[in-house]
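Student: Could you walk me through how to read the features of a model like this one? I would like the general idea each time, and then the actual case.

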Amino acid sequence: MKALQLEADWDPRPDAVATLDPADVAARVARRGNQVWRNPRISVATVRDPSPRSDDVVIQVRACGICGSDFHFVETDADGYMLYPGLIRTPVVSGHEFAGVVEAVGPDVRDFAPGDLVCAEEIAWCGDCLACRAGRPNNCTRIEELGFSFDGAHAEWVVTRARYCWSLAPLVEAGIPAERIFQLGALVEPTGVAYIAMFVTAGGFMPGATVGVVGAGPIGLAAIALARAAGAGQIIAFEVAEGRRALASTMGADRVADPRGLGPGGVADAAREASRGRGIDLWVEASGAAGVAETMASSLAPAGRIVLVGRGPHTIDLDPELLIVRGAAMHGSIGHSGSGAFGRVIDLMAAGRLDMACIVSGNVDLEGAARLLDGTPRREAGKIIVVP
């Protein structure tokens, strides 16, 4: 079959060699891709057709998003190392935000059959480690990741275990056209990341709360849409890109600002003004930019919370008094698994309360996707969908 395949050269940075686990070295898997993989490139390749093991599902891919992490695979620093900082093995087929049609199942699969419309979690949690047994699959200590450490869905077919799959039947029953179902299905994964961050990791908010979002990429846009669906009284968004600001308004933000055009007090003053001096009840950091968490901490409401989703190479210089005096909290959040997040997102989509397909900016085939993933820094407004 045809697929987008990521390749790179194993060339650990000198100061990273001593930190590598010998088992990872032998398996050629990096826990921090930007410390190991050099000269990354993505191209259309012919790879082996997948076949199901006993508990696997083979899915014909009908839509698969291009994520910021896919761009970071092939963007490099001055020394030629990939920018992506997380778990990655090469060669690997990229793509992890997908939906499609079940083509084949293993003999032990009971809940899915050929012809079913599905999407699937990217996180392949083990179910046995301490984190998984404690109900925290996103923090699995034996984690594998579809499109990162095993072959993903920028391909004609993809295989994954049935335990990670979710039925799109609610969207079918809602009478949504097939093409839109697959777009929505491919957007369940990034929307699930925002869902877990806001309602599981940070504990949610009361109806009428003021929610602030920094960064209006797909996860930030999902946070805005979820805040609106969950009854936020006011949603304030900050984004530097004009196209993304327009999408933030479309998804439900009441106020949208370019932080570069604000006064000396910047985002903090704008947040306090919008909340009539009270502060923000829930901040969602989805930009990965330096200095944002500190600004959020200075503009929290009493008992407010910050949830960090965006990832970057910076550190945080934070006065703890900002949290202590307000009885506030800061949380780090990763992943989309657990708490029935995928199913809840699908049900919200089926009910017409979460139309994430509004952020789709275009479709490309595998060859078009390879041209986009050429290492040129890109920050698209919305979501590009690969249709193999």
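Student: By class, which residues does the lining of the second largest pocket have?

Tutor: First, a note on the source: this is a predicted model, where local features need pLDDT of at least 70 and side-chain atom pairs count only at pLDDT 80 or more, while totals for chains, interfaces and linings use all residues. Residues are numbered from 1 along each chain as its sequence is written, and side-chain values use heavy atoms, with hydrogens and water left out. Now the classes: Ala, Val, Leu, Ile, Met, Phe, Trp, Tyr, Cys and Pro count as nonpolar, Asp, Glu, Lys and Arg as charged, and the others, Gly among them, as polar. Here the lining has 11 nonpolar, three polar and seven charged residues.

Student: What volume does the second largest pocket have, and which residues are the closest to its centre?

Tutor: A pocket is an open set of points on a 1 Å grid over the protein atoms alone, where a 1.4 Å probe fits, with protein on both sides within 12 Å along at least five of seven lines; lining residues have an atom within 4 Å of a point. Its volume (the space filled by probe spheres set on the points, which are joined across faces, edges and corners) is about 510 Å³. Of its 21 lining residues, Arg53, Asp56, Phe150, Asp151 and Val159 are the closest to the centre. Strand β11 (residues 157-161) gives the most to this lining, with five residues.

Student: At what angle do helices α7 and α8 pack?

Tutor: Helices (H or I, at least four residues) and strands (E, at least two) are DSSP runs, numbered from the N terminus. Axes are lines fitted to C-alpha atoms, for helices over the stretch in contact, and angles between N-to-C directions run from 0 to 180 degrees. For α7 (residues 218-229) and α8 (residues 242-251), the angle is about 20°, with the axes 9 Å apart. The two are therefore roughly parallel (an angle under 35 degrees). In contact (heavy atoms within 4.5 Å), Leu221, Ile224, Ala225 and Arg228 of α7 meet Arg244, Leu247, Ala248 and Met251 of α8. That contact has six nonpolar, no polar and two charged residues.

Student: How do α6 and helix α12 (residues 341-350) cross?

Tutor: Their axes come within 9 Å and cross at roughly 110°. That is why α6 and α12 count as roughly perpendicular (65 to 115 degrees). Residues of α6 including Tyr195 and Ile196 meet residues of α12, among them Phe342 and Met349. This contact divides into eight nonpolar, two polar and two charged residues.

Student: Is the peptide bond from Thr90 to Pro91 cis or trans?

Tutor: The bond is cis, with omega near -5°. Pro91 lies in the loop between β5 (88-89) and β6 (92-93).

How values were computed: Parallel < 35°, antiparallel > 145°, perpendicular 65-115°, else oblique.
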